[in-house]
Amino acid sequence: MKRQANCGSAAHEIARRHFLGLLGAGTAGLGLLGANRVLGGLKEQNRRVLVVFLHGGVSQLETWDPKPMTKTGGPFRAIPTKVPGIHISELLPKTAQHMDKLALIRGLNTHNNDHSKGYYQMRHGRDRMPGLDFPHLGAVTARGLERPQSPLPGFIRVPSGGRGSDAAYLGPRYGSIGVNGKPPVNSSRPATLTEAADLARREFRRRADERFARNRHSGPFATDSGKAETGIYAESYDQALRLMAKRDVFDLSHEPQRDHERYGKHDFGQHCLLARRLLENDVPFVEVTHRNYDTHNENFSFHLEQLGEFDTPFSCLVQDLHERGLLESTLVVVMSEFGRTPKINVRYGRDHWGKSWSICLGGAGIAPGTVVGKTNETGMEVVDREVDHGELFHTYLQAVGLDSHSSFTIGGRDFPLADPAKSPIKEVLS
Amino acid sequence: MNGRSRFLWMIVTCCATSTTLVSSSSRADKTHSLRERIDRLVESRRIGPVAERCDDPTFARRVYLDLLGRIPTLEETKEFLSDPAADKRERLVDRLLDSPECDRHLAVQLDLLLMERRGGKHVKSKDFRSFLLESLRDDRSYLDIVRTILAADGTDEKTRAAAAFYLERDVEPHALTRDVGRIFFGVDLQCAQCHNHPLVDDYHQSDYYGLHAYFVRASLFRPNRKKPAVIAERATGESDFRSVFTDRTGRSGPRFPGGSESAETSRRPQDRYRVEPAKNVRPIPQVSRLSQLAESLTAGPSTEFNRTAANRLWAMLFGRGLVDPVDLHHSRNPACYPKLLELIGAEFANSGYDIKGFLGELAKSRVYQRSFQIPTAQPNPSLIANELEAAKRRAKELSEKAEQADAGLAALVDKLDEALAAAEPLRKSELEKLNQAADSLKKRDAANAKVASRKKEFDGQETKVKLIQDAVTTTKAASEAIKDPELSAALSTLQKKAADFGKRLEEIKKARDKEQAAAETAESTLRAHTQEADKAIAARKPLEAAIRAERAKLLEAREKAAEWWTKSTNAQREVRLLQAVVDFEQARGEIVASQRAIAASEARIVKQEAAMTAVRTSLNPLEAKRHESQAEVEKLRKQHDRLSAEHRAAKKHHHDLAAAIDQVAHVREKNGDLEHLADAVPLLQTGLAKLTANVDRRTKALAAHERLLRAASATLQKREAAWKQARQQLATMEASVTKEIDALARKRTSLASQQSTAETHWNAVIDQSVRRFNACDSTPLTPEQFATSILVATGQYDVLRKAAITKLDNESPAPEKPSAGQRDERDRKLEKAASDAVDSAISTFVRLYGAEPGQLQSQFFATAEQSLFLSNGTVLQSWLAPTGDNLTARLLNQKRSEDVATELYLSVLSRPATKGEAEDVGRYLESRPEKERSAAIQELCWGLLTSSEFRFRH
C-alpha cells in the first residue's frame with residue numbers, strides 16, 4: 001500500500017530528500033539562500049537564461065528547418081552556416097555565422113495550434129491544466145538560480161511594464177518585472193530626504209530590529225535565526241538600498257553610441273542591447289519578445305521583413321556575449337508558441353502548426369553545433385527524435401545546472417521544478 | 001480496480017453521506033466554558049518550555065489585529081493600559097467583537113479564506129465581500145454562509161454575489177475539487193488528480209475523483225456575452241480517472257474525502273432533466289449534484305468539515321492551525337492536539353457555527369494569551385531526559401502498530417477490486433440497456449412527432465374536403481335550378497376536385513394509420529426497453545451495495561490505520577521537541593564545561609608565565625658566574641701554558657747542559673785532559689746543579705698551578721651545568737605554555753562551535769514549542785492588517801474616516817428625528833463610507849504585499865519593490881507629513897525627547913518605550929539641528945513603521 005505510486009522514479013524521491021535534508025524543512029520558500037548550490041550539483045559559476053520569444057509563431061521553414069525546392073519550402077534558399085552540414089534559411093545570414101555557438105532542435109511536436117496554450121506550454125513547460133497553475137521558466141530560474149546578494153530582480157521581461165503574475169506557487173518574489181528602459185518605480189530617494197538622513201533612519205530601523213530579535217524568545221542568542229521571515233523582511237530594505245545604487249542598470253543611455261548603431265535603433269535592437277546590459281549585471285533570467293510572426297497572409301514578405309530585423313541584433317548579442325565570456329554561462333533560447341504550417345495557404349500565408357517545428361538554443365550547458373531531431377522532406381512530420389515542451393523545459397534547467405527532477409518545498413508542500421513525467425534532451429546538453 | 005472502471009450511468013442520490021454532528025466527548029462537559037476546556041487540554045499535555053502570560057500592551061496589539069484587523073489607536077492603547085480591572089481582557093474581547101470594524105475585518109478574512117484574492121471576472125470582489133459583510137452583520141452562521149455559497153447558481157440576483165465561489169473559478173471541476181477539498185475538508189488533493197499522492201499516504205486518487213464527481217457535470221454558462229455568466233449543470237458526465245503511474249483506472253460517484261459514496265441509482269433517459277439541454281438553453285437536471293453537495297455538506301456537516309472550519313478560525317487567531325498547513329491534514333501531519341481539534345470542531349458545530357462567539361472564546365483562552373518569549377530555564381534536565389526516553393519508546397511502539405494496521409489494507413483493496421470486477425458486466429449491460437432505452441425513446445418521440453404532424457395534415461385535408469363538398473352541394477342545387485352551361489362546367493370541375501381531395505384524404509388516412517401503428521410499436525418497444533433497463537438497474541443495485549460495503553470496510557480500515565499514524569506522528573513530534581530540549585541542555589552543559597576549562601587553562605598559563613619569569617630572572621647571575629669561571633679558567637690556562645713552556649725550556653737547558661757535560665767527559669776519556677778542560681767541568685757541574693734546582697722549582701710550580709686550573713675547571717663545569725639546567729627548565733616551561741595556549745585556542749574554537757550547536761538546538765526548541773502553541777508565534781500581518789495599521793499609527797485612519805463621514809453628512813444629512821431602523825441604516829452607511837475610504841487608501845499595499853490570486857495567501861514574501869515603495873514612495877511620505885493632530889504633528893508638539901519616545905512607541909508599536917529606546921530617540925533628535933526636527937521625527941516614525949516588530953504579529 002505504501003507509496004505504490006511514486007512519481008515515476010526513485011530519483012524524484014531521492015532528489016526531494018536531498019533537497020529537504022540540505023535545506024531543513026519548514027523555512028524553505030522564504031528566500032532559499034544558496035539554493036543554487038544545493039540544486040546545481042555544485043556548479044561554481046552563476047548561470048543565467050536569455051529567452052528571445054518570437055511572438056505569434058515564427059515559421060520553422062523560414063528559419064531553422066528550411067525545405068528549399070519542395071512544395072512546402074517557399075521561395076527562400078537554405079544557406080550554409082559556420083558548421084559544415086548545417087543549413088538554415090537565407091533570411092538569417094548573420095545568425096548563420098554563429099551556428100558554431102548554437103544548436104537546433106528540429107523534432108519539436110507540441111500537439112497544439114492555439115496561441116495562448118502555446119505560450120503556456122513553451123514558457124511553463126507543461127500543458128495548461130484546469131485547476132493547476134505552474135510557474136514560468138523565468139520564475140523557476142529566478143528561484144533556482146537566486147543571487148542572494150544581488151538587489152536586481154531575478155526575472156525580467158523586455159519590453160513590458162509592471163509585475164507579471166507568472167510565478168504561481170513560487171510567490172511574487174520570483175514573478176516577472178517588466179522593463180521598458182526606465183529605472184524601477186520608487187528607486188530614487190525623495191528630494192526632501194538626504195542620503196545621510198536616509199542612512200540614519202535605516203540605522204535606527206536596524207537597531208529597532210536588533211532589539212526585537214533580542215527580545216523575542218528571550219533566548220541566549222541575539223541572532224533570531226530561528227525566524228527566517230523577520231530576516232527576509234529586514235533584508236528587503238537592504239536590497240532596496242542596493243537597487244537604488246544600481247538603478248542605472250536599466251538605463252540604456254549608458255551604452256556606447258556605437259553599440260546603439262550596431263544593434264539598431266528600432267525597438268527589438270534596443271531591447272537586445274538592454275538584454276545584454278541586464279545579463280552583464282547578472283540578472284538570472286531575461287526574456288525579450290519580438291512580434292509579430294502570426295503570418296496567415298503574406299508569410300514570406302512578413303518573414304523577410306521581421307527576420308531582417310531579428311538577424312542583426314540577435315547575432316550581435318550572441319557575438320557580444322561570446323566575446324565578453326558570458327555565453328558559456330548564459331543559456332540562449334529562441335522560441336515561439338508554435339511553428340507554421342508547411343502547407344502554404346491561398347493567401348501565401350502559413351497557419352498555426354505545433355506538430356513538427358524547431359527552436360534554436362545555445363550557450364551554457366549546450367553542445368554547440370548540435371542538431372537534434374529531424375522532419376521529413378516536406379516538413380510535415382517528425383521522423384527522428386521527437387520531443388516536446390516538457391522535455392525542453394527539463395533541458396533548459398539542466399543546462400543552467402539545476403536538477404530538473406528535484407522539487408521546491410513551499411508551505412510544507414513539494415513542487416517539482418519540471419514535469420516529473422518528462423526528462424531532459426541529453427543529446428543537446430554538453 | 002485494475003482495468004475495471006467503476007461506471008455509474010444516470011445517478012440518483014438516495015441518501016446523503018453519513019454524518020457525525022457532535023462527538024461524544026464534547027457533550028460530556030457542559031459545566032466548563034470552551035476556553036477553560038481548551039486550556040485544560042493544552043496544559044495537560046505540557047511538554048517543553050512554555051511561555052508566561054503576555055503583558056497588557058502585547059495582548060492589546062494582538063487582539064486588535066486579530067479581531068479588528070488593525071493595531072489599537074493611541075487612545076485605545078492608553079485606555080486599556082490604564083484600566084485597573086482584573087477582567088479587562090475579557091471585556092476588551094467582547095467590545096471588539098461587537099464593533100462594526102470586526103465585521104469588516106472578518107469579512108476580509110473570510111474572503112481571503114474562500115476566494116484567495118480571486119474575483120472580478122464575473123463577480124466583483126467588492127460584491128462578494130459585501131455579501132459576507134451583510135451575512136456577518138446579520139449574525140448568519142458559518143454553515144449558513146457556506147450553504148448559500150455552495151447552493152448559489154448565479155441566476156438569482158439575491159445570491160448572485162455568493163456564486164462568486166464557483167464563478168470566479170470558472171466553474172472548472174478540477175479547480176473546484178481542489179479548493180473545496182482544501183477549504184472545507186482541510187485536504188489538498190491536487191497531486192491525487194493524476195495519481196495517488198506520492199508523498200501523502202492518505203490522499204487517494206479515488207478521493208479526488210469522489211469530490212470531483214460533484215463538479216464534473218457543472219460548467220460556466222454564458223450564451224450571451226452581454227449577460228452575466230451563470231452556472232449550468234448536465235445530468236450526465238462521470239468522474240473517470242487513470243493513474244499516470246500505475247495505469248490503474250477508476251470511476252467514482254460523488255463522495256467526500258474519506259466518506260462513503262452516495263448510493264445512487266441510474267436514471268431512465270426520460271427522467272433526467274427538468275429542462276433539456278439545447279442550444280443557448282441552460283439545462284436543469286432533475287438531480288443537481290451541486291445542490292446535493294451544498295445539501296449533504298451542510299445538512300449534516302461531517303467531522304472533517306467541522307474541524308476544518310474550526311481549525312481555520314483557530315489559525316486566524318493563533319497565526320497557525322492546530323493542523324498546519326490548514327489544508328494539509330493527514331495522518332502524517334495531524335493536529336498537534338488531536339483531541340483539541342475534535343473538541344473545537346464539535347463545539348463550533350454545537351454553537352451553531354457562531355463565528356464571533358467561537359473567536360471570542362479562543363481569544364479569552366490562556367493559550368491565546370501566551371507571550372512570544374520562550375523561557376530558557378528548564379525545570380529539571382534529568383526529568384526531561386527520562387521523559388525523552390519514555391517518549392521514544394512510545395513512538396516506536398506506535399509506529400509499529402501503525403505499520404501493522406497498514407499491512408492489512410492491501411487485502412481490502414483486493415476485495416474492493418473483486419466487487420468492482422463482479423459488477424462490471426452488469427454495469428456494461430446496464431449501460432447497453434440504458435442506451436437502448438434512450439435510443440427507443442428517441443425513436444418513439446420521432447414516431448409520435450410524425451403521427452402528430454400527420455394528424456395535422458389529415459385535419460387540414462378533411463376541412464378542405466368538407467368545404468369542397470359543401471361547394472359541390474350548393475353548386476349542384478344552383479345548376480339544377482338554373483340551366484347554365486358555365487354553371488355545369490363549374491360543377492364538374494368542383495366534382496373532380498372533390499374526388500381528388502377525397503382521394504388524397506384517403507391516402508393521408510392510410511399513412512396515418514400506418515404511422516400510428518408504428519408509433520404504437522415504438523411505444524411498446526420503448527416500454528419493453530425501459531423495462532429491460534429497469535431490470536438491469538435493479539440487477540446492478542445489490543452489486544453496487546456490495547461495492548459500497550467493501551469500500552466502507554476499506555475506508556474504515558484506513559481510518560483505523562490513520563489513527564495509529566496520527567498517534568505515531570505526534571509521538572515523534574514529542575520526541576523531536578524533547579530531543580531538542582535535551583540537546584540544548586547538553587550543549588548548554590558543554591558550554592559551561594568549556595567555559596570552566598577555558599578559565600582553568602587561562603589561570604594555568606598565567607601561573608606558568610610567572611614561574612617562567614622567576615627562572616628567567618635567576619638565569620642572569622648564573623650566567624655571570626659562568627662567565628667569571630670561564631674567564632678564570634682561561635686566565636689560568638694561559639698562565640699554565642706559559643709556565644709549562646718555561647718549564648719545558650728549563651728542562652731543555654738542563655738537558656743540553658747535561659749532554660754537554662757528558663760530551664766533555666767523553667772527550668776527556670778519549671783524548672785525555674785537554675788544556676783547561678778540567679777547569680770547565682766544575683763550572684759546568686755548578687751550572688747544572690743550578691739548572692736542576694731551577695727545573696725542580698718549575699716542576700713544583702707547574703704542578704701547583706695545574707691543581708689551581710683543575711679546581712677552576714671544576715667550578716666552571718658546575719656553573720655551566722647550573723646555567724644549562726636553568727636554560728633547560730625555561731625551555732620546558734616555554735613549551736608547556738605554548739601547548740597550553742594552543743589548547744586554549746582549541747577550547748575557544750570548540751566553545752564557538754558548541755555555541756552554534758546550542759543555537760541550532762535552541763532554534764529547534766523554539767520551532768517545536770511554537771508548533772505546540774507553548775508560545776505565540778510571530779506571523780506577518782496580512783496586507784490589509786499591515787496597511788490599516790500604518791494608517792492607524794500615522795493618524796491617517798481617523799483623518800480618512802472623519803472626512804468620509806463629513807462628506808456623507810454634507811451630501812445626505814441625517815433625518816431630523818430618525819427611527820431606530822433609520823438610525824441603524826444611517827450607521828451602516830457611515831461605517832461603509834468610512835471603511836470604503838480606508839479600503840481605497842490601502843489598495844496599493846494590497847497589490848504589493850498580497851500573493852497572486854488563487855495562490856497560498858499565508859506564504860510570506862518580501863520584495864525590493866515593497867521596500868522601495870515604503871522607502872521612497874509618496875504614499876507613506878504624505879501620511880508622515882505633519883498635519884492636524886496626526887502622529888508627526890503630535891510628536892512635533894512634544895518638547896522633551898522622552899515624551900517624543902513615549903508617544904512614538906505607544907502610537908506605532910502600541911507599547912511604552914524602554915529606557916534604552918527612549919535614549920536612542922533622544923540621541924537621534926539631538927544629532928540634528930533644530931530646523932531638521934520635523935524631518936528627524938518623520939525618520940523616526942519611518943524607522944518604527946518599517947521595523948520587523950511592526951510588520952509581524954506576536
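1. Strand β4 (residues 102–108) of chain A is joined to β13(A) by 2 bridges, and the two run parallel. Strands here are DSSP runs (E, at least two residues) and helices likewise (H or I, at least four), numbered from the N terminus. Pairing requires at least two DSSP bridges between strands. A:Leu104 has A:Val371 in β13(A) as its bridge partner.

2. This is a predicted model: local features need pLDDT of at least 70, side-chain atom pairs count only at pLDDT 80 or more, and totals for chains, interfaces and linings use all residues. Residues are numbered from 1 along each chain as its sequence is written, with chains lettered from A and ligands numbered from 1 in the order in which they are written.

3. The sheet is open, with 9 strands and mixed pairing; its order is β6-β7-β5-β8-β1-β9-β12-β4-β13 (chain A). Strands β6 (162–163) and β13 (371–372) of chain A are the edges, each pairing on one side only.

4. Helix α21 (residues 796–811) of chain B has 16 residues and should span 22 Å at 1.5 Å a residue; its end C-alpha atoms are 22 Å apart, which agrees. The expected span is 1.5 Å times one less than the number of residues.

5. Which residues of α21(B) are buried? They are B:Gln796, B:Tyr797, B:Leu800 and B:Ala804. Buried means 20 or more other C-beta atoms within 10 Å of a residue's own, exposed 12 or fewer, partly exposed in between; C-beta atoms are placed from the backbone. The face turned away from the buried side of α21(B) carries exposed B:Thr806 and B:Asn810.
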